[in-house]
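I opened the notebook on this protein today.

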Amino acid sequence: MAQSQSSYFRDSTAFKQRLDKVCLPPNAQLFTMDATAMYSNICSEAALKVLSEYLRRPSTMERFDYNADCLIEAIGIVLRSNIIKFGDIFAVQKKGVAMGICPAPSIAIIFFAIHEEFLMSKWSESIMFYLRFIDDVFGIWLTSPNYVADNRQWNNFQDDVNDFHGL
């Protein structure tokens, strides 16, 4: 499910292959983003709510073969327990998604991908290219000839990116 998200890429080779197909127009500007401490800043309650809504969507259920109730319950157990292991020491991460647990990358990828659906629909005219590897984004922004309007649009885009449950 995480690998099927439109912004997903597997590794640097896949990233380069996708980027090689891009022909940059004169008004293209490259941008990068990096979520600050993504796993520990994901609000567990918000993640469970957002993921539950996504996993219960008919379009998502048709696309993948899974039991929504079972998967949501499993994600809930992971997000509520947040138990991590360092060597022979077990600890509870108090905030966010426990780092180092197997489902953490998939939870983070899908959680933010849901927000990206909103971002891409709202900003599709300005974003020519957008790929994300867990919390690192590479994108291409198409500037408008009006510098003031473009700067306002860019700032609004940044506000939208940063307005998602603490990320």
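How much accessible surface does the protein have, and what percentage of it belongs to carbon and sulfur atoms? I got about 10000 Å², with 56% of that on carbon and sulfur. I note that the model is predicted.

**Overall**

I looked up the extent next. The C-alpha atoms fill a box of roughly 55 × 35 × 30 Å along the principal axes. Of the 167 residues, 40% are buried. I then took the contacts with a separation of 6 or more: 67% of them link residues 24 or more positions apart.

**Elements**

I found 7 helices and 5 strands. Read from the N terminus, their order is α-β-α-α-α-α-β-β-α-β-β-α.

**Sheet**

I traced an open sheet of 3 strands, ordered E1-E5-E4, with antiparallel pairing.

I checked the pairing of E1 with strand E5 (residues 136-142) and found 7 bridges. Leu-30 sits opposite Ile-140 in E5.

**Helices on the sheet**

I looked at what packs on the sheet. Helix H1 (residues 12-20) does, touching E4 and E5. The direction of H1 makes about 175° with that of E4. Helix H7 (residues 147-161) packs there as well, touching E1, E4 and E5. For H7 I noted about 155° to the direction of E5.

Methods: Residues numbered from 1 in each chain as written. Predicted model: local features only at pLDDT ≥ 70, side-chain atom pairs only at ≥ 80, totals over all residues. Heavy atoms only, no water. Pairing = 2+ DSSP bridges. Helix = DSSP H or I, 4+ residues; strand = E, 2+ residues; numbered from the N terminus. Contact = heavy atoms within 4.5 Å. Axes fitted to C-alpha atoms, helices over the stretch in contact; angles between N-to-C directions. Buried < 20%, exposed > 50% of the residue type's maximum accessible area, 1.4 Å probe, protein only. Areas by Shrake-Rupley, 256 points an atom, 1.4 Å probe, with all protein chains shown as cover.
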